[in-house]
Amino acid sequence: MRFNRASKALVLSAALALTLSACGGGDGGAGASSGGDATKAISANTTEPESGLLPADTNEVGGGRIMDLIFTGLVSYGADGKPVNELAESIETKDAQNYTIKIKAGQKFSNGDPVTAKSFVDAWNFGAAAKNAQKNSYFFESIKGYDKVSAKGATVETMEGLKVVDDTTFTVELSRKESDFPLRLGYTAFFPLPAAAFADPKAFGQNPAGNGPYKLAENGWQHNVQIQLVPNPDYSGPRKPANGGVDFKIYANTEAAYQDLLGNNLDVLDQIPPSSLKNFADELKGRSLNQPYAGNATLTISDYLPQFAGEAGKLRRQAISMSIDRQQIIDKIFFGNKKIATDFTSPVIDGFSDAIPGHEVLTFDAEKAKELWKQADALQAWDNSKPFTIAYNVDGAGNKEYVDAAVNQIKNTLGIAAEPKAYATFKELRAAVNNKEMTGAHRTGWQADYPSLYNFLGPLYGTGAGSNDGNYSSKEFDAKLAEGLSATSVEEGNKIFNASQEILFKDLPVIPLWYQAAQGGWSENVDNVKFAWNGVPMYYSITAK
Amino acid sequence: MFMFISKRFLQLIPVFLGATLLVYFLVFATPGDPIAALSGGKPMAPAVEEALRAQYNLDQPFWIQYGLYLKSLVTFDLGQTFSGQEVSDVLGRAFPVTARLAIMALAFEAVFGVIFGVIAGMRKGKLFDSTVLVASLIVIAVPTFVLGFVLQFFVGVKLDWAKPTVGVGAPWGDLILPAAVLGLVSLAYVIRLTRTSIIENKNADYVRTATAKGLSRRRVVSVHILRNSLIPVVTFLGADLGSLMGGAIVTEGIFNVPGVGNLLFKAIKAGETPTVVAVVGVLVLIFVLANLVVDLLYAWLDPRIRYV
């Protein structure tokens with residue numbers, strides 16, 4: 001999820017709000033059978049999408065939740081994050097590098113065009129080509145030929161790894177083995193597009209014709225006001241709508257949305273404003289939920305700081321990790337609405353383990369922390385004239401409070417000079433990070449794009465990876481990742497990915513703090529509200545009373 | 001009169017240019033990288049990043065950026081938002097909503113402010129006067145967002161007399177509560193201004209003359225005292241129209257009004273220069289025009305003032 005809209009309240013901070021997670025997903029139309037008025041529309045909160053509604057350009061929740069309802073890909077994710085076939089008849093591979101994908105015949109887009117193998121191949125090529133400047137283009141980087149279409153000024157527009165065999169079959173050749181490739185295929189970027197989208201992408205993005213459980217109502221997108229979705233009669237997949245449509249009201253802030261929820265003027269709210277986090281469960285009288293989703297919060301210490309280099313740096317990162325009393329911060333600042341981290345991924349992901357050797361380094365232990373710090377001092381003296389800082393962006397709700405608390409804990413436990421460093425906006429913090437201006441740690445976090453352990457590891461800690469803020473590089477870790485990716489089954493791969501985390505626990509490229517949890521509520525007018533693995537409500541199964 | 005008005009319109013040109021230049025520079029100078037924020041901390045392919053920078057001229061130095069902006073402005077192209085919408089469309093949707101809100105707030109403060117102010121001024125020192133003075137003091141002292149949240153919670157959620165937020169299409173009925181909140185602080189000032197001005201004028205010679213020649217009290221108050229007391233009030237209201245339009249950020253946030261305030265706030269945060277400059281540019285025009293109207297009203301209110 002992305003940022004602006006930034007933030008499952010406290011939970012997603014600005015950074016997160018901007019990033020989009022793959023969403024939605026069905027567990028076989030659970031809500032459809034449980035009654036309710038299937039012709040009545042429900043209302044829900046959202047934010048104004050930050051781009052036209054195109055699969056490869058939508059990288060934040062405001063647009064992402066809409067895309068997930070008006071489009072459907074090869075698979076969607078159930079409430080537990082497990083992929084369920086949507087358009088895919090089968091996804092087969094023998095070597096984790098060459099995939100043969102068969103799709104269901106007879107499906108169509110809401111403008112009448114059929115959904116064929118070509119709809120996928122063309123959409124992916126469009127998303128990857130540099131000249132289309134689609135923000136999610138890097139999602140196609142594992143497909144063979146991506147490097148040629150994504151280069152500056154590239155004239156090649158099709159990736160050689162994608163081949164249409166017939167109307168319902170296409171093949172994908174990756175540039176290396178990636179066993180979790182099928183897991184990704186439910187993500188927004190991998191949705192198919194009808195031919196109309198390529199003729200005029202801009203116009204299509206304003207009024208898309210999709211193939212999902214819902215479609216845009218006529219003039220359904222009133223900018224900054226609302227987005228109206230109605231059920232798509234042509235949809236025959238597992239996410240059958242149990243209501244008569246979803247009216248997404250666009251809110252500039254969650255406080256207003258929460259007041260609307262209290263006044264039964266809004267049916268579903270997927271984040272609780274920070275000011276109400278303490279009391280929302282009481283105020284909503286059983287109409288609320290609080291559950292972990294696939295996101296975490298971490299602190300990254302930049303690699304270019306001389307005092308955090310080498311063996312001494314490793315010890316210092318461990319000492320800082322052990323001097324933070326995470327549970328205390330969760331209880332006092334987040335009113336218990338988070339879960340203490342025990343690894344680098346998230347407990348809602350298949351394959352998660354809370355017993356990976358080395359995870360003790362995430363436990364608060366003042367004595368051990370002091371001892372580790374002393375050992376580091378013996379290797380390299382600490383310059384206490386320059387305070388250790390934790391940088392954060394003020395425009396993400398709750399950031400200031402927890403960073404202040406963590407700074408105080410570090411200061412008190414280790415007896416070093418430490419202070420918080422505030423940046424007014426998320427863009428300012430990101431620019432400072434990119435320009436290597438950090439003088440200590442900065443707050444980071446990750447929300448999974450698709451439910452897989454690898455998505456929490458590869459893009460963040462692989463050498464040269466796109467979101468590797470701390471420029472972490474470990475040959476041993478990279479080798480483990482590659483080994484996990486070439487595994488032939490997901491289970492086997494997960495075992496290897498968890499083993500790779502043992503290396504991370506020793507090096508601590510980032511300091512995991514806690515897992516994010518989604519807090520939400522609903523009005524007296526709806527039932528069957530569930531949130532998916534990514535913290536986004538499963539709108540299609542909500543019933544109106 | 002014609003000369004006066006055309007001169008004022010000519011003055012608009014340098015004022016507008018200066019304001020856009022200043023605002024453009026201020027947004028340019030705010031730290032942070034809009035494109036980095038757009039990617040939400042996730043990676044972005046270098047070619048995509050470069051294409052986006054070029055699309056919004058963010059790869060150019062300041063003067064070229066501003067020059068390109070002016071160049072497209074001449075052809076009435078206000079640029080595009082980061083979400084690919086025309087800024088002119090975005091403005092076209094937001095301004096009517098805020099204009100309605102501001103006009104309702106202005107009407108609210110003008111009508112109630114003058115009525116209360118006249119009564120308080122005519123009965124100086126009586127119970128009504130003291131009550132209004134204390135109440136207006138409280139309204140001035142309490143921040144708008146407190147008033148807004150309290151009224152929203154009681155009127156919108158607890159009593160259910162109005163919707164807590166403004167609905168689709170921003171109907172007039174939904175705007176009553178936000179307009180009242182928006183106009184409340186200015187209402188207090190209008191009351192106080194009117195009251196003071198009435199007190200000053202009610203002992204003037206021409207009032208005594210009017211009373212002596214047997215005019216009804218009603219006519220004395222409404223024509224002789226009030227009309228002559230309105231100059232400071234009208235000056236205030238004229239300037240206030242601009243601040244109501246540009247300063248509704250807090251109220252619009254609380255009641256989720258899809259107006260200029262919310263738009264501006266979001267655009268500033270995202271570093272979306274074309275939107276910020278366009279919004280501020282239009283606000284500048286409104287300020288200048290409102291002041292022109294105020295000047296013309298002076299002549300109507302006080303026959304001694306003439307424009308040539």
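Student: Which residues lie nearest the centre of the second largest pocket?

Tutor: This is a predicted model, in which local features need pLDDT of at least 70 and side-chain atom pairs pLDDT 80 or more, while totals for chains, interfaces and linings use all residues; side-chain values use heavy atoms, without hydrogens and water. Residues are numbered from 1 along each chain as its sequence is written, and chains are lettered from A and ligands numbered from 1 in written order. The lining of the second largest pocket has 29 residues (atom within 4 Å of a point of an open set on a 1 Å grid over the protein atoms alone, where a 1.4 Å probe fits, with protein on both sides within 12 Å along at least five of seven lines). Nearest its centre are A:Glu141, A:Arg176, A:Tyr454, A:Pro459 and A:Ala465.

Student: How many residues of this lining are nonpolar?

Tutor: The lining of the second largest pocket includes nine polar and six charged residues. The nonpolar residues there number 14.

Student: Which helices of chain A each supply at least two residues of the lining of the second largest pocket?

Tutor: The second largest pocket holds about 600 Å³ of space. Two or more of its lining residues come from each of these elements of chain A: helix 15 (453–461) and helix 16 (475–485).

Student: How many helices are there in chain B?

Tutor: Along the principal axes, the C-alpha atoms of chain B fill a box of roughly 85 × 55 × 30 Å. Chain B has zero strands (DSSP runs of E, at least two residues). Its helices (runs of H or I, at least four residues) number 13.

Student: Which residues of chain B lose the most area to chain A?

Tutor: Contact (heavy atoms within 4.5 Å) joins 46 residues of chain B to 49 residues of chain A. The two chains bury about 3800 Å² between them (accessible area lost, 1.4 Å probe, summed over both), with 59% of it on carbon and sulfur atoms. Together, 16% of what the chain B side buries belongs to the residues that lose the most, B:Lys42, B:Pro43 and B:Lys269.

Student: What is the N to O distance in the salt bridge of B:Glu50 and A:Lys152?

Tutor: The count of salt bridges (side-chain nitrogen of Lys or Arg within 4 Å of a carboxyl oxygen of Asp or Glu) between chain B and chain A is two. In the one where the side chains of B:Glu50 and A:Lys152 meet, N to O is 3.2 Å.

How values were computed. Points joined across faces, edges and corners; volume = space filled by probe spheres on them. Nonpolar A, V, L, I, M, F, W, Y, C, P; charged D, E, K, R; others polar.
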